[in-house]
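Subject: Handover of a structure, with notes

Dear colleague,

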Amino acid sequence: MGKKRPQTKAGKPQATDGARAGGADEHVPVVGAREPCPCGSGRRYKACHGRAAAHAVTELVQRPFEGLPGECDWVALRELVPAATAPLHLKGGLPEGVPSVTLATVLPMAWPALRRDDGSVLLALQNDTSSGDLSRDLADTLQRALTVQPGTPVAGQRVPAGGPRLQDLLDADAAFEPVVHSGFEFWVPDSEKSAAPEVAASLERANAAAIPTVRLSGVDAAYWCETPEKNHLRWVMPHPEEQLLDALARLHAAGRSSLGEGTRLVGSFRAHGLMVPVWDLPTGMGAKECEQPAADFAERLAGALAVDAPLTAEERRARGGLTNRQVTLS
């Protein structure tokens, strides 16, 4: 259940005194936090009208991908999957000179985004961001990537409050279809015979650290992965947390929470407002062998979710054990 990449994000990112503050209204002057407020009150901006702007920038959005097609897969690609891509579809279509926009888990040198020589755009999902709204940060990076010169990486920056979010830019009717890769060769287009030395070195390091991962085809947002000690299935689920915990507790107390012999529901992650139950699997149980047990479990879970009776004493104990083994990723 170990996290594959270190996290340094605090619960609520804080704005620094030297940060520039501004709102969505383009007519509002942009001033430093310690400068006099433009309203004429004589107070510093951060102690006057800057309070609302700072709150808007730093307030943590618990479910940044809510409302996007494939929310569960967005969470998985952000937190669980080493190497994956997914085509992105923009409202109104692609701008002239941009043949495609692709979401990627990570990019070389931790670039937030890259516009390739052919004009196509890669947007990285796993970078640290400057505000509490991951969707707004990614949307800002995407917009800048669409307009930079081809062959240019896009750097991170502080995102102003009130800017667009991914939900404003992406086509809500287009399917989100991630493709999991065994390595990061997608960084280098087929048309390029060799990568720049720094990209090649970054590619080698990333491939060495990648955990083999496969997305199951029979259920949504379930990812098998292989580690030296044992295999795991990590399954991002869309159900409200309390309801899902009750359902898992009912199954666990009844001895029906496993995926077959030698498997065990060991706990869950909490990531971007969704729960991610995790199963330990025997070393010899691959992704293909998980398909039918996962489909069977999905049926059992649907039945447990439909039950609204109070938990029994045994089910409450099972629920407490599951809650105690829950780890928050974001």
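This is a predicted model: local features need pLDDT of at least 70, side-chain atom pairs count only at pLDDT 80 or more; totals for chains, interfaces and linings use all residues.

Residues are numbered from 1 along each chain as its sequence is written, and side-chain values use heavy atoms, with hydrogens and water left out.

The secondary structure of the protein chain comes to 8 helices and 14 strands, where helices (H or I, at least four residues) and strands (E, at least two) are DSSP runs numbered from the N terminus. Of its 330 residues, 46% count as buried, that is, under 20% relative accessible area with a 1.4 Å probe and protein chains only. Among contacts (heavy atoms within 4.5 Å) between residues at least 6 apart in sequence, 64% join residues at least 24 apart.

An open sheet of mixed pairing is formed by 6 strands in the order 7-5-6-4-3-8, two strands being paired if DSSP finds at least two bridges between them. Strand 7 (152-154) and strand 8 (179-180) stand at the edges, each with a single partner strand, so one side of each has no neighbour in the sheet. Strand 8 runs antiparallel to strand 3 (residues 84-87), to which 2 bridges join it, and Thr85 stands opposite Val179 of strand 8. Helix 3 (residues 134-147) packs on this sheet, touching strand 4 (101-104), strand 5 (113-115), strand 6 (121-124) and strand 7, and its direction makes about 160° with that of strand 6; such angles run from 0 to 180 degrees between N-to-C directions, with axes fitted to C-alpha atoms, for helices over the stretch in contact.

Helix 3 is mostly covered, with 11 of its 14 residues buried, including Leu134, Leu138, Leu142 and Leu146. Besides the four strands that helix 3 touches, its buried residues pack against helix 2 (71-79) and helix 4 (166-169).

Helix 6 (residues 241-253) and helix 8 (residues 313-324) pack at an angle of about 120°, with their axes 8 Å apart. The residues that meet include Leu245, Leu248 and Ala249 in helix 6, and Ala318 and Leu322 in helix 8.

With best wishes

Conventions:
Buried means under 20% relative accessible area, exposed over 50%, partly exposed in between (1.4 Å probe, protein chains only).
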